[in-house]
Amino acid sequence: MIERFCLRCTVMKIIDYFKEGFNVMGKVVFLCIINIVFSLLSPDAIDKVLKFRGFHIGVKFNLPTVIVELWDFVSLPQGIGAVTKIGFPVISHIPVIFLVVLIPLLILTLLIVALVSFIYLRILMTRGLGLNITTRASRILDIFLYNLLLLVITFTLMPMVFINVMLLMLYMIIMILISYFIYATPFIIVGFDKGVKTALKYSITLAHRKEYLKFTLFYIVITLLISPFFTLIAVNGKLLGIIIGSVLAGIVGLWLTSSTTLMVLDLAKTILE
């Protein structure tokens, strides 16, 4: 009986994170412009949608990330490639020889993403949550290192995708597990002014807590439920669908990030303060 009561309390607490996320979102709704811009700056996904002929609908789930894009919800048509994003976008179908040329561009992109993510979370925490945080600007480098780590892991494991279906499934499982254990890292970096190494350590610690697991499962269910809607709009609506979908996904994405921020800061303060 006590265990059932505790379980119900935990579930209600998780639901409260998402409910409060709406209130937080309303205070910083202008931030969704960043989500929209990021969605429209995904040429690989947009190109695949515009080249597709026919009708398509599908489902997709994702784990929490800082800046949620339209493509986190869209299941791209099979047979023309796909864009996988587990915390960071993956560039597909690029010959190895071009990676040498792209490395400086990737580094610059990671720095820009880190800067934008830092500003995004800082505004969300100060204006949205009303917190008085004093995070140093040098933490932008820590977010950059976090994104770089994700990119290195992704490209290291990427060959598995092209061998056979079994290894593709293994790749997806590994990336999901990695993302699960470390997705709280940038929130801890900004919210508690911690270095990337310390933030990774505490993110892994949080991942063992049942509240963290249940929140993640709720997040996955939400993305699964709304993904057919966004897929229908973006893939079949072509350019107009992408624009409309990006705006709607920007609002939903800000809500999800607001909810994730509430959860991470609430759980992390018990071990960091």
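**Close-ups of aromatic pairs, core and salt bridges**

View 1. Phenylalanine 215 counts as buried, at 0% relative accessibility. The model shown here and in the other views is a predicted one. Searching the whole structure turns up eleven aromatic pairs. In one of them, phenylalanine 215 is stacked with phenylalanine 18, at 4.7 Å centre to centre and with 5 degrees between the planes.

**View 2. Phenylalanine 229 and phenylalanine 230, edge-to-face.** Here the ring centres are 5.3 Å apart and the planes sit at 75 degrees, so this pair is edge-to-face. Phenylalanine 230 is buried at 2% relative accessibility, while phenylalanine 229 is partly exposed at 43%.

**View 3. An aromatic cluster, and a lysine over a ring.** Tyr17, Phe18, Phe22, Phe215, Phe218, Tyr219 and Trp255 make up one aromatic cluster. In a separate panel, lysine 201 lies over the face of tyrosine 202, at 5.8 Å from the ring centre.

**View 4. Tryptophan 71 in the largest nonpolar core.** This core counts 74 residues, and Trp71 and Tyr212 have the most contacts inside it. Helix α10 (residues 238-272) gives the most to the core, with twelve residues. Leaving aside residues up to four places away in sequence, tryptophan 71 touches Ser39, Ser42, Ala45, Ile46, Val49, Lys60, Leu76 and Ile242. A second, separate core has six residues, including Leu157, Met160, Tyr171 and Met175.

**View 5. Aspartate 193 and its arginine partners.** The whole structure holds eight salt bridges. In one of them, aspartate 193 pairs with arginine 136, the closest N and O atoms being 3.2 Å apart. That joins the loop between α7 (185-192) and α8 (196-206) to the loop between α4 (96-128) and α5 (139-157), across 57 residues. Arginine 136 is partly exposed, with a relative accessible area of 46%. Aspartate 193 also meets arginine 139 in a salt bridge (2.8 Å, N to O). Arginine 139 lies in helix α5 and aspartate 193 in the loop between α7 and α8, so the pair ties together parts that are 54 residues apart in sequence. Arginine 139 is buried at 10%. Arg136, Arg139, Asp142 and Asp193 are linked in a network of salt bridges.

**View 6. Arginine 209 meets glutamate 211.** Their side chains form a salt bridge of 3.7 Å, N to O. Arginine 209 is partly exposed at 27% relative accessibility, whereas glutamate 211 is buried at 14%.

Note on methods. Residues are numbered from 1 along each chain as its sequence is written. This is a predicted model: local features need pLDDT of at least 70, side-chain atom pairs count only at pLDDT 80 or more; totals for chains, interfaces and linings use all residues. Side-chain values use heavy atoms; hydrogens and water are left out. Rings of Phe, Tyr and Trp (its six-membered ring) pair if their centres lie within 6.5 Å; planes under 30 degrees apart count as stacked, over 60 as edge-to-face and the rest as tilted. Buried means under 20% relative accessible area, exposed over 50%, partly exposed in between (1.4 Å probe, protein chains only). A charge sits over a ring if NZ of Lys or CZ of Arg is within 6 Å of the ring centre and within 35 degrees of the ring normal. A nonpolar core is a set of buried Ala, Val, Leu, Ile, Met, Phe, Trp, Tyr and Cys residues joined through side-chain atoms within 4.5 Å. Helices (H or I, at least four residues) and strands (E, at least two) are DSSP runs, numbered from the N terminus. Contact means heavy atoms within 4.5 Å. A salt bridge is a side-chain nitrogen of Lys or Arg within 4 Å of a carboxyl oxygen of Asp or Glu.
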